[in-house]
Structure formats: structure tokens, C-alpha cells
Amino acid sequence: MNEPGWIITSDPSVTTSEANWVKPENRQFYVTKDPATGETLATTVEGEEADVELAVNAAKQAFEVWSKLPCHVRARHLYSIARNVQKHQGLLSVLESLDNGKPIRVSRECDVPQVVRHFYHHAGWAQLMNVEMKNWKPLGVVAAIVPWNFPLMSLTWKICPALAMGNTVVLKPATYTRLTALLFAEICSEAGLPSGVFNVVTGDTAFGTKLAMHRDVDMVAFTGCTEVGRHIRRATAGTGKKLSLELSGKSPFIVFDTADQDSVVEGLVDAIWCNQGQMSSAGSRLLMQESIAPELAARLMQRMQCLRVGNSMDKSTDMGALVDESQKKMIAEYVEEARSEGAEVFQLSDGNQEKGPFYPPTLITNVNTVSRVVREEIFGPVLVAMTFRTTKEAIALANNSPYGLAGSIWTENLPLALEVAMSLKAGAVWVNGHNMFDAAAGFGGCKESGFGRSGGKEGLYEFVRSAWEERPNPMPGEIEYKTFAAVHGADTPPIPGQIMQPKLLQIDDVPSVDRTYKVYYGGAQKRSSGMYSRPIFDHEGKAVGYVGDCTRKDVRNAVEAARAAAPGWGKRAAHNRAQIIYYVAENLELRREEVARGLCTLTGVGTEEAVGEVNACIERLFYWAAYCDKYGGTVQETQLYGATIMVREPVGLIAIACPDENPLLNFVSLFAPAIVRGNVVVIVPSERYPLPALELYQVFETSDLPAGVVNILTGSRDHLSKFLVEHQDVQAMWYFGSAKGSKFVEWSSAENLKRTWVNYGVRRAWRNSQQGSGEEFLYHATQCKNIWIPMGEIFAN
């Protein structure tokens, strides 16, 4: 690695597979050292903005050809990379361990074989794209930003699906660990990958932000800590870039009294001390059933005495060096803080340690749930142990975390294991194992562990967009986030006396009964909490009624109602949910003419078009009812001897802000896919034309829809969206409004990293079946959990 630089193309036509190393002048350099010995390994360039420009332009030009190649040709390229990685497997393993400090055994037996497996697997997806992903198309240029704990494997998880789906990639490896990324670029060139398809740039953290923010980057795929993930979410808000985040974790390792304790101890060694504990999926929270805790702790301490900490190139080493002295200092501060709080700390004796950034395997007991070592990711070889009595307590402790990346369950009772696995808020759950990965099963988290998946078919969706959709290029301008849409009633002040003008009294006049439109939450019609109303005008500007002008308090009440309904609705049989949606369609059809007349009066469309919109709503309800029991998941074909079950779970509580066009159809098209997959919703109908949606709460009441599943708030779209996206109990926000509102929603979602789906101010054709329904809606209404269940009573050997 004597020639520092990065790989880019200099040939815009992409007619050659020869790639070029560029060594720009007047740059700073970064010295990469072996963390175990401090020995200098190489120097690499500290890139600047001009270097980002060069690499992204190369990727953009290459995309024009790469995305149009036949699927079989792209599959051949990925297959060739897999074969060439196998040829250099030994070199990659050695360089990975020297660069990162992990034991050579881990690099050789885990990391590099996973790289090979991913390229072979995704060569298959490249071949099948026109069949399996026929309604999707590539995004463009993907910026991949990866961490230092698994440098080679992390970049593979980003590059494989991106290239398979026809994108091009600009990779920015971590500052500490750049060398295997640069070697991998050489291997790609050797494998004949066309120039510009894969590019590597090197630099510091700020340099990564410059790459992510480049105007021609269409998607950012980031793996790293939660705080940096928040920064990227805010930096890319409102730009139209797609984003996937694989972030921090604090994974529970749950041991029941029915577990085999010898297997548990060995499982813990792999869960927390593999890679020196420097992995987000590490089983860093040990939850032991109280009856077995003393015996299990004693067994674990005995096993810890046998762990070898030393040079990463020694094949018998269990734990190598940490990536840097600063990491060792941070871990030590966590442990000393726990010790000062009264926790008991067990470590190997100092005499068994080498000099340098090495830290001994550590077990901390006698801690409480609010301790920092329990709540925060330490990212080191530190295991925190707690006890529980009942299964419900174990689940509560496991889910009592802002993170939701992974977890494992240890028991010989399979029904217990499955029930607990389904109850954990995590993206991956292992039964009687930990840290099992495969290219055929997506890995990723929820809550503050991010969103998006790496691996499996579910991982492909991060790198594509709907075939009908063009890349949005919004220009929302600057936003004052603290004051955006914060003032209630500023847009449409209520002015009494607009709806009915006084007239001369006639002896036979009988006034009509006043129709009061209320908001709807918790299964009941209610007045807005502030007792404010806002006028609704028809297409000619004539006031036709008042609706409630909701405030933050109404948002709070609706979210509480939805939360109360969520457990019961999510656990209902899919067939039962389908029957309720069919019943909603049936009751809407009974009121078709009445609802159509309202649409005519309000929006000015003709009778035929209004009836057509109601009919489209009924058809769409049937469409989504059909999906109630047909999108639950699949069995993944991983290398595990057992079953890997991918379950598509509900996201949870989804807040939805509807647009103004097709006010009834867009309302139905958005709430229906959410609730058929077990979610509950708080939905804001069209700000301009909310009345058709409000007609539906009487339909809901007569269709056996449980209280709190659908909650309707009327008022200012942006004002209500502000408090919905900021609410900590809302798991996702779908916003269809302005470009400014879209930017605000994405920026604000960073607080608890909720999922978002926004339109950047671009309208949809809701009557069109591709734009108003389809797999895109199911993708946003679900999240994937992979449950790994080994077997081995009969044929294990």
C-alpha cells in the first residue's frame, strides 16, 4: 500500500475496466498504524471537496451505462468479484487484522467468508432484478460511509445490493481503517469491474459529510454511531436523498432457567468478546433468570479466566487490540463510573494483559437500570448483568432501551423462545446463538438503532425507487426549525357568519339541523381541545362548514388513544383484520351517492368523477384487505442448519398527513395499508377539503373497527405534523405536503430516528394504481425481523 489515494474513473464512456489511482497534490496525509504494536502500515490521503467532486462525477457518468446493462452482465461482474476475493482471501484477512486489531481467526473464518458469500448471493439478485424487482429501478449514485469495527464486511453490505440493483458507489471508509477498502478496490479492478462503478475516497468525519451532501449523491448508506446518524439525517433533510442508517445497539442476551448453561457461556464469549466487543450487535446486556444467576455467573467468571488477550496475528488469541487508545480510555471511564456507583466489576488480572490499547474481558454486576453502563453502548468487551423473575419482566427489561438492533434468547423451550422473540423490539433475534449473519437475511434495527436492512431481498429496497418515480429535486430553502408551523390558528382564523347569511323570516321556514364536524380519536367523536374551529371553503371560495382546529393537546390525546389500541390490533388474526376492512368497504358503498355528492359540492368535480373516486376507494379497501394475510414474511435460505424466519412486523404508531388532491382517495390510500399490516394511525386529512374523510368516522363506527386504530385530527397540516413528528411515541411519519414541510419532518425525525416517508412537495396521481397503491406502501408499513432458530437433535453431526 505504498501509493496512497483512491480509485476513480477517468473515462466518461466507461468502455474500459481499467481504473486509475489519483494522488492529488497539496493534501494532508493520515498515517495508519497497527493498533496492537503502533507500527506504521501506510499513509493515505486526507481528501478535500474537490476530491468528492471528482469521485461523484465519475460515479454519475458510470451510472448512465451501468444501470442500463442487462441484468445478466451485472450478475457476471458481481460473480467475478466474489471469485477474485476468494483468490486473495488470505491477504485480505491479514490486512484486516493488522488494520483493525481483531484476531486473525475472526477475519479469516468470519469476515472475509461473509464478503464472498454476499457477492455470490447478490450476483443472483442482479440476475433476477427484472423478475423479482420489476416494479423498481436504481437510484443513481450511492454514498456508502462505513465504520472501523468491520471495515471489509460493512462495505460489502452496502456495495453488493447497490451494484446488484444498478447503482454506482462512492465509498468513504472509516478514518482508522482504510486499507482493506483500498485493497478491495484493486481487486474490483482486477475482476474487470468497469471504471467509475465503484470508487473509494479517504478522509475524516467531516469529509464524509461533504460526500453525503453532494448534490449528485442520490442515496446515503451509513453505518456508525447513533449521534453521527442523527447528524446525517438532519444534514440530508429535504434534499430528496434516500437514507439508510445502521446505528448503535445495546442488545439483550436473555437466559432462562431452561437453558443449557454450558452453551450459554460459550455463546456469551461470542456475543460480547468477539471483536473485543466492538460491534453494535454485541450481547452487552446479560439478563439471567434469578434462579440460575449465581451458578451462571460463577461459570462465566471461570470461563473468562481462559480468554487470551494478545496480538491479533496469533491464531490462538481470543481478543486482540482495540482500534485506538482513545477507545480504551472511553471504556475505562464507563467501568470506573459503574464501580463508583457501587457495581461489582470482575476482570482478568493486570498481569495477563499486554501493553497498548488492550482491555480485559469485563463483567459488571449489581447495577441498576438507570446506570450509564446499562443504558448506553460502550463498544468494548464489557458485559453488564442483571436478573429477572418472570418472562414478562425479561421482555420489559430487554425492551427498556432506546435501541432496537438485535438480541438473543437462550432456552430449550421453543414455544417460549418464539413468543419472546416476537415480543422483542429488535431487527434480529437469535435463539440459542448470537451474532449469526448471512447474505440471505437482512440485518438492521429499529428505534435509535436506525432503519433499513443489509442483506436478503428486504435489503434491496434500500437501493431502489418505484419505477414510475423520478428523483425529486426539492428546493425548500432555509427553515427556522424552532418556529416552523409553531403558531396555532395563524393560517386560517375562524370568522363567524360566513356560512349562512341572515334572511327575512317566513312563516313556513324550518331551519336545517346544524351539522357539527368533530375530530375522531379513541373511537369517539370529540371537539378539539381548544374549542377552536376553522372554516372550510368549497372550490368557489364559499364557506361550507367548520371543522375542529386541533392543537398539540389533541395530538397528545390521539397518540394516547392509538397507543392503547396498538397491542390488541397488532395481535389480531390477519383474517379478522381483513374482515373489518371489507366491512368498511361494504358500509362505504352503502353511502356512495351521499359521499359523492359531498365531493361534488366541495371540490367541484362532476358527478361521474366523484362517484369514480368513491368506487376507487372501495376497490382500494378491497385491495388492502387482501394483503392482510399475504405479506407476513418468509423462511430465509441462510447457511444456518435450522430455520431463519423473516417476519414483517408492524412499524407501530404511524402519523399521516394527507395532501389536498383527491381528498377521499388519498385518505383511504394512506390509512388502509398502514392498518392492514397491524399498525395504528393518527391521520390528518386534507387541510383544504377534510369533510369527505370526516364522513368516514361514521363508517368506522358501524364496521367494528376497534377504538383507537384510526384517529382523525383536522386543522393545519404543518402545525399538526410538527407535534406528531416530534412526539416520542410516534414510530413513523408519512407526510404529503410542501417541500418545506417535508424538510422539517425529516429534520425533526432525527430526535428519535423515526422512519419517514415524504413527498418533497411532488404530487401523486392517486387514481393510478402504481402511484396510489402497491409494494411501496407495504414497505413503509412494515419492518423486517429475522428470527434465527437452530436445530440439531437428530442430524446435527
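**Overall form and selected sites of the chain**

Ala 237 touches Lys 743, Glu 746 and Trp 747, with residues up to four places away in sequence not counted; contact here means heavy atoms within 4.5 Å. The model is predicted: local features need pLDDT of at least 70 and side-chain atom pairs count only at pLDDT 80 or more, whereas totals for chains, interfaces and linings use all residues. Residues are numbered from 1 along each chain as its sequence is written, and side-chain values use heavy atoms, with hydrogens and water left out.

Ala 237 is placed in the loop between helix 8 (226–235) and strand 10 (242–246). Helices (H or I, at least four residues) and strands (E, at least two) are DSSP runs, numbered from the N terminus. With a relative accessibility of 3%, Ala 237 counts as buried, a term that means under 20% relative accessible area, against over 50% for exposed and in between for partly exposed (1.4 Å probe, protein chains only). A separation of 8.0 Å lies between the C-alpha atoms of Ala 237 and Val 745, which are 508 residues apart along the chain.

For the chain as a whole, the secondary structure comprises 26 helices and 33 strands. The radius of gyration is 28 Å, which agrees with the value near 28 Å for a compact globule of 797 residues; the radius is taken over C-alpha atoms, and the globule rule is 2.2 Å times the number of residues to the power 0.38. Along the principal axes, the C-alpha atoms fill a box of roughly 105 × 70 × 50 Å. Of the 797 residues, 60% are buried. Among contacts between residues at least 6 apart in sequence, 76% join residues at least 24 apart.

Helix 5 (residues 151–164) has 14 residues. From its first C-alpha to its last, helix 5 reaches 20 Å, close to the 20 Å expected at 1.5 Å a residue, where the expected span is 1.5 Å times one less than the number of residues. Because 14 of the 14 residues of helix 5 are buried, the helix is largely enclosed by the rest of the structure.

Asp 111 belongs to helix 4 (residues 104–132). Its relative accessibility of 1% places Asp 111 among the buried residues. With neighbours within four places in sequence left aside, Asp 111 is in contact with Glu 96, Lys 102, Val 106, Phe 150 and Met 153.
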